[in-house]
Amino acid sequence: MLNISNGNRPSLKSLQKYATVRNLINRPYYKILNKIIAISSIIAIIAVFLPWTQNISGTGSVTTLKPDQRPQTVQTAIAGRIEKWYVQEGDYVRKGDTILFISEIKEEYFDPNLVKNTGNQVNAKKMSLNSYSGKVTTLSVQIQAIEKERKLKLEQSQNKIKQAVLKIKSDSMDLEAVKTQIKIANTQFNRSTQLNKEGLKPLTDLEEKRLKLQEVEAKIITQENKLLTSKNEYINAKVEINRIIAEYTEKLSNTKGDQFTALSNQFDTEAQVNKLENQYANYSIRNGLYFIKAPQDGYINRALQSGLGETIKEGTPIVSIMPSKYDIAVETFVNPIDLPLIRKGDKVRVWFDGWPTIVFSGWPDMSYGTFGGRIVAIENFISPNGRYRILVAPDQNEDKWPKQLSIGAGAQTITLLDNVPIWFEAWRTLNGFPPNFYKKAVTTAEVKK
């Protein structure tokens with residue numbers, strides 16, 4: 001038998017007769033340890049139900065809010081040779097101050113009077129253009145005069161045609177009258193001949209009638225000649241109209257051809273004037289590019305070129321300038337899995353390298369040395385480092401960021417998300433789940449907007 005019955009159990013009182021048992025029972029720290037374990041367990045159970053702010057951490061650096069406030073390099077627009085420096089590193093320059101002077105190295109721009117000579121060419125071409133314009137105007141006046149003269153000549157020829165038509169009608173009527181006279185003369189001559197045969201008329205009367213008949217017959221030939229002459233004059237008048245039309249058409253064609261030639265020369269000269277004016281403007285602007293000037297107020301950070309007599313190409317960086325006035329911001333990078341949880345306007349806590357900081361990521365209100373910010377831009381294209389870039393600006397409702405910050409200093413951020421119990425956050429982290437996806441409450445005013 002195993003001797004485990006209640007009657008066979010050894011009692012503590014029976015064991016207290018041993019000194020070792022009595023020493024173990026009388027040690028007090030076992031009781032204290034038990035109390036500590038019990039209290040710690042209770043605190044741990046209570047702690048897992050405390051609130052925890054989910055967040056997205058990121059690392060980045062200090063930058064500026066606007067692109068034109070960031071450090072920039074000043075480049076030369078033309079190739080040249082370095083002749084003189086007007087600044088040194090660390091100098092403060094204002095917009096338009098001269099940084100460097102370069103000289104020309106291209107042979108087509110060596111002429112010191114290039115701009116002046118080009119201006120003279122422009123003036124000469126403009127005078128030539130005015131001459132062509134005057135010639136075109138003169139030819140236009142000449143064309144109008146030729147057209148007016150042609151009109152008058154045609155009216156004159158039309159009048160001649162009308163006169164010829166009237167003369168033909170008059171000669172035709174005279175010819176008919178002569179024909180009538182011939183008939184009468186023949187009748188009288190025949191009657192006189194009959195009467196002379198009968199002895200009623202003397203021979204002298206018969207001779208008079210014969211003479212009169214001959215005169216009338218002579219008149220009809222003359223009148224027919226006049227009628228033919230009138231018809232010829234009518235035909236000549238028509239021919240004259242055709243000649244006038246042909247003559248003045250040729251004159252107008254030649255004059256218009258000269259006018260078109262003058263217009264062509266005028267347009268060609270105008271194009272040359274525009275080209276020369278373009279060259280004149282380019283040369284004038286190029287003369288101003290020999291002096292490289294500061295694009296804005298700032299400090300000369302670094303001279304990227306050095307020495308005198310060194311040749312530089314177009315677009316070569318000369319110096320680096322840091323603007324004197326800028327709005328500070330932080331560019332931070334987050335993992336792709338966290339990007340869908342971030343929106344413009346979300347609150348961010350920021351702390352900077354070299355600035356005393358105590359950070360409790362889950363309890364941002366208990367952190368020290370962090371500053372408030374808001375997301376103003378989210379890059380939708382992944383950066384070369386495999387993360388997405390977020391731009392954070394200072395939160396105007398919280399303390400201002402330190403003035404001692406310099407561009408490029410390291411920074412770290414945590415984007416504040418939802419509040420959850422600690423046990424939930426521990427469970428989410430152990431399982432590799434992302435933070436809660438939530439949406440900010442939309443006010444009535446925002447809905448109306």
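**Reading the terms in this predicted model**

The protein chain exposes about 29,800 Å², and carbon and sulfur atoms supply 55% of that area. Accessible areas come from the Shrake-Rupley method with a 1.4 Å probe; for residues, only the protein chains shown count as cover. This is a predicted model: local features need pLDDT of at least 70, side-chain atom pairs count only at pLDDT 80 or more, and totals for chains, interfaces and linings use all residues. Residues are numbered from 1 along each chain as its sequence is written, and side-chain values use heavy atoms, with hydrogens and water left out.

User: Why is T255 called buried?
Analyst: Buried means under 20% relative accessible area (exposed is over 50%, partly exposed in between; 1.4 Å probe, protein chains only). T255 has 6% relative accessibility, so T255 counts as buried. T255 is found in helix 5, residues 203–288.

User: What does T255 touch, not counting residues up to four places away in sequence?
Analyst: L139, Q142, I143 and I146. A contact means heavy atoms within 4.5 Å.

User: What makes strand 2 and strand 9 a pair?
Analyst: Two strands pair if DSSP finds at least two bridges between them. Strand 2 and strand 9 (residues 317–323) have four bridges, in the antiparallel sense. Q72 stands opposite I321 in strand 9. Strands here are DSSP runs (E, at least two residues), and helices are runs of H or I, at least four, numbered from the N terminus.

User: Which order do the strands of the open sheet follow?
Analyst: The four strands run 2-9-7-4, with antiparallel pairing. Strand 2 (72–75) and strand 4 (92–93) each have a single partner strand, so they stand at the edges.
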